[in-house]
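My notes are below the display.

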Amino acid sequence: MVGVLLKTKIHIPKSRPGLVGRTRLLDRLDEGLLMDKPFTLISAPAGYGKTTLVTNWFERIHRAKAWLSLDEHDNDPVRFFSYLIATLQTVDLTMGKESAKLLSESGMIPAQALVVTLLNEILKAPKPFILVLDDFHVIKNESIFRAVQAILDHHPPFLHLLMITREDPALSLPRFRVRNQMTEIRMEDLRFDLVEMGAFFSTAAGVKLKDEEVAALEVRTEGWVAGLQLAALSIKGWASEQVSEFIKTFSGNHRYIIDYLMEEVINRTTPEIRVFLARTAVLDRFNAELGDELTGESNSKKIIARLEQANLFLIPLDSECRWYRYHHLFAQFLRTELTKSEQIHVQQRAALWFADNGLPEEGIKYALAAGVFDFAGDLLKAEAPRVFQRGEIVTLLDWLNLLPVELVDSSVELAGYKAWSLFLLGKSEEAVHYLQRTDEIKAENSDPLAEGRLLALRGWIANYREDPRTKEIALLAIEKLGDQDPFFREVSLMSLGHAQRKNDSMPESTATLYKAYDTARTAGHMFTSLGALLDITMNLVIQGRRRESMGLCNYALEQYVDSQGKPLLMTELLYIPLGILLYEGNDLKQSRDYLEQGIRASHSIGLNRILGGDAEQTLALVYWALGDFQSAWDLLEKAKANTDAKAFPIIWDRYKAFEAYLLLNQGDLSGALAWVESLGPKPVDSITSFKEIPYMVIARTLYRAGRYDQAWELLKRLRQFDRERERYGRLVYVNIVSSLVLQALGRREEAIRSMEEAVNFASAEGYIRPFLSEGSEVGELLMAVKATNQEFLKMLHPPSISFLPDSGMIETLSLRELEVLSLVAAGLSNEEIGTKLFISLGTVKWHVRNIFGKLDVGSRTQAVVRAQQLGLFKKSGP
């Protein structure tokens with residue numbers, strides 16, 4: 001937010017002259033600074049002089065200061081950070097500059113991403129300063145608590161955070177106490193003692209009280225500053241005998257005291273001032289023009305001047321003394337002077353005034369409070385696009401929830417924004433349910449732009465639910481939106497690109513995603529532009545354009561940087577596709593480092609899952625390839641726990657497929673088969689981009705189980721799917737597994753051709769891992785391949801494969817075949833070999849048959865003798 005409202009919230013309140021100096025408390029505040037404690041907490045109920053103490057302290061210390069007055073609307077993380085950045089920039093204009101740029105370029109940026117950037121900027125503050133967060137008790141949002149906790153945990157050396165609150169915040173206060181990192185001032189500290197009370201009445205009321213009178217007041221008020229101030233206002237100008245009589249009758253608890261004393265104070269004002277006080281107290285802030293509007297008079301400016309002179313709980317909110325509010329306790333009392341209908345009337349007039357004076361958000365607030373829902377709805381429709389674009393989703397949903405359900409349900413604009421807000425706040429099921437309810441809204445009640453926004457959400461959710469209508473919905477959304485709303489157009493283009501990835505040619509999908517990227521970049525939407533870029537890089541991986549994809553990632557990592565030249569936190573998400581690409585090139589350790597860095601970045605900005613789970617799934621494969629099996633299992637289990645199976649069933653299925661793949665790799669064929677039969681996608685289903693990887697796990701499982709015909713039928717369909725859609729990166733894997741199945745079926749020539757096709761394509765783009773991840777059987781087929789790139793072919797042979805050019809063998813034995821042969825020589829049965837090697841009985845028989853053929857023998861005994869003659873056991877070992 002900008003303009004007057006922002007200025008009032010970051011204005012440092014003026015200290016009040018003539019008040020009693022509270023030396024003992026001011027010294028404690030000084031001590032906290034001198035001891036370099038990073039945090040001061042001032043916690044006490046209303047009316048104990050918390051803010052006054054701090055403003056008086058500010059008068060005596062020479063250090064830069066920043067002040068942020070919070071209200072309940074600041075529970076929206078985007079609003080909170082907007083104000084916090086503006087507050088920090090009152091100390092130094094460069095502080096928060098990069099964070100402000102991120103926020104302005106994409107209000108959709110997750111809070112965690114912003115706090116990391118902002119914290120780095122605070123760490124580089126050029127001079128010591130104090131940041132005050134006033135009224136922090138209004139904050140309830142967990143992400144804001146985490147942000148403040150992060151700032152305190154890192155305690156930037158030049159920052160001293162001072163928090164004013166009526167209740168303790170949800171922060172690690174015990175830890176700060178144990179480490180002596182916090183100064184605390186509480187209710188018992190803020191109470192006036194007898195000496196301070198005597199001095200206060202002498203200054204504020206011009207009355208010197210007797211010791212017993214001071215003591216009586218101390219007992220009555222328990223040193224409560226607000227009560228004492230009201231008492232001073234009540235007795236100001238009285239004779240000493242009147243004061244004594246007043247104190248004798250003055251008794252009761254705080255609630256009674258404030259009602260009694262305020263009545264005393266109010267009754268001493270004129271009728272026109274009482275009207276002004278009661279009506280303006282309904283609002284959180286007011287100025288002279290608004291006062292005239294609410295009272296129907298033209299004397300508000302004079303009344304405000306008189307209230308300031310009388311020190312009547314009036315607090316200026318800016319240095320120009322244009323906007324004001326009352327002390328909270330005083331405002332609460334004044335509101336009781338009006339009936340409910342009178343308050344509603346004031347709120348209605350205020351709503352109109354704010355709307356007419358360019359402050360629509362406050363117009364919405366008071367229209368909702370007054371129950372003028374049609375007017376509030378109209379204002380909300382006009383303002384929602386701007387609020388949504390800024391990312392103030394919490395605020396938007398709060399407004400929508402205050403409107404009658406039937407009003408929202410009858411408007412495509414309002415219904416669409418409610419569904420979007422629910423979805424973006426992680427309430428996927430509620431969003432889907434709400435979308436289903438909005439199907440009944442008649443089209444004539446909305447305009448094409450509103451329909452387009454709603455369709456954009458439908459398309460986005462349909463994509464992750466594998467809805468075949470995704471493409472149709474996205475195209476209709478793009479048509480309705482035109483060029484009028486860049487953000488929703490970006491979302492619709494990305495949904496369309498995803499739909500095309502599943503069923504159309506990959507170049508077509510990539511072209512659409514580039515349109516989304518260009519639209520987002522032109523509009524300055526960094527978060528969505530990076531999202532589109534991530535999708536583009538993954539498309540290129542699937543297409544087999546590995547080198548181009550790596551170049552794009554590295555380019556973006558160099559372009560989206562902070563002032564120190566380091567990649568922005570959101571840009572670090574690109575380490576995920578880069579890590580996947582390095583895995584394909586068999587650079588396992590670098591792949592692991594990049595994937596871990598990218599996943600950490602995604603978690604830092606609040607994304608539990610990125611790229612449909614590709615990051616976690618590939619990292620699990622990297623761990624497995626490096627022999628860190630437990631980390632692979634732990635990672636998949638954690639990723640699965642962070643996935644909403646109902647909202648995103650296909651992503652859940654992919655995780656289950658990867659678990660089955662790991663079971664297969666560790667020899668648990670029965671476990672993998674159980675998944676094929678019960679949990680996995682069925683081969684009779686149509687093939688899509690999301691389902692291809694689970695289908696490949698099914699094909700591998702069927703192959704290991706000796707069900708070659710079934711495996712081949714599925715692989716044929718996968719090969720056709722990938723070829724028709726130019727998914728050559730995936731086709732490498734399909735061709736390799738197809739070669740193994742064809743070999744098992746006795747169709748060796750076809751098997752070799754399939755492997756040659758895989759090698760010739762992979763060599764151009766550096767795909768190495770696909771050949772190494774499918775088992776030692778691949779090595780034998782590679783020996784028969786006639787590839788143009790022999791150097792690449794050499795890289796694909798695992799060093800453990802025995803090559804015996806002088807042995808007289810027609811074909812070499814693979815590593816797995818050598819393992820089986822050594823166990824045959826040890827006298828193990830086929831069943832025992834299968835148990836020891838974690839492979840099925842059918843697979844053992846297949847290996848034994850291959851061994852007999854390669855050694856040109858007809859029995860186990862002959863095979864062992866022939867192997868000894870060739871020196872296989874001596875060279876390779878068991």
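**Entry 1: α24 and α26**

I am working with a predicted model. I started with helix α24, residues 412–424, and helix α26, residues 448–464. I found that their axes come within 8 Å and cross at roughly 30°. Angles under 35 degrees count as roughly parallel, so I wrote down α24 as roughly parallel to α26. The crossing of these two helices, α24 and α26, is left-handed.

Next I listed the residues that meet. On the α24 side they are V412, E413, A415, G416, Y417, A419, W420 and F423. On the α26 side they are A450, E451, R453, L454, A456, L457, W460 and I461. I sorted the residues of this contact of α24 with α26 by class and got 12 nonpolar, one polar and three charged.

**Entry 2: α21 and α24**

I stayed with α24 and turned to helix α21, residues 373–389. The axes of α21 and α24 come within 10 Å, and the crossing angle is roughly 40°. I noted α21 and α24 as oblique to each other because of that angle. The crossing of α21 and α24 is left-handed.

Which residues of α21 meet α24? I found G377, L380, K381, A384, P385 and F388 in α21. Their partners in α24 are E413, L414, Y417, W420 and L424. The contact of α21 with α24 has eight nonpolar, one polar and two charged residues.

**Entry 3: α39 and α40**

I then moved to helix α39, residues 708–724, and helix α40, residues 728–744. Their axes come within 9 Å and cross at roughly 155°. Are α39 and α40 roughly parallel or roughly antiparallel to each other? Angles over 145 degrees count as roughly antiparallel, so α39 and α40 are roughly antiparallel. I recorded the crossing of α39 and α40 as left-handed.

From α39, the residues in the contact are Y708, A711, W712, L715, L718, R719, D722 and R723. From α40, they include Y728, R730, L731, V734 and N735. By class, I have 12 nonpolar, two polar and four charged residues for the contact of α39 with α40.

**Entry 4: two buried residues**

I looked up T87, which lies in helix α4, residues 77–88. Its relative accessibility is 0%, so T87 counts as buried. What does T87 touch, leaving aside its neighbours within four places in sequence? I found contacts with I10, A66, W67, L68 and L131.

I then looked up E362, which is in helix α20, residues 360–370. E362 has 10% relative accessibility and so counts as buried. The side chain of E362 makes a polar contact of 2.7 Å with the side chain of R285.

**Entry 5: two positive phi values**

My last entry is on backbone angles in loops. Phi of D36 is near 60°, a positive value in a residue other than glycine. I placed D36 in the loop between α2 (23–34) and β1 (39–43). Is D36 buried or exposed? D36 has a relative accessible area of 64%, so I marked D36 as exposed.

N180 is not a glycine, and its phi is positive at about 55°. I found N180 in the loop between α8 (173–178) and β5 (182–186). At 42% relative accessibility, I marked N180 as partly exposed.

Conventions. Residues numbered from 1 in each chain as written. Predicted model: local features only at pLDDT ≥ 70, side-chain atom pairs only at ≥ 80, totals over all residues. Heavy atoms only, no water. Helix = DSSP H or I, 4+ residues; strand = E, 2+ residues; numbered from the N terminus. Buried < 20%, exposed > 50% of the residue type's maximum accessible area, 1.4 Å probe, protein only. Polar contact = N/O pair within 3.5 Å; in protein donor to acceptor, adjacent residues only side chain to side chain. Axes fitted to C-alpha atoms, helices over the stretch in contact; angles between N-to-C directions. Parallel < 35°, antiparallel > 145°, perpendicular 65-115°, else oblique. Left-handed = near helix turned anticlockwise from the far one by under 90°. Contact = heavy atoms within 4.5 Å. Nonpolar A, V, L, I, M, F, W, Y, C, P; charged D, E, K, R; others polar.
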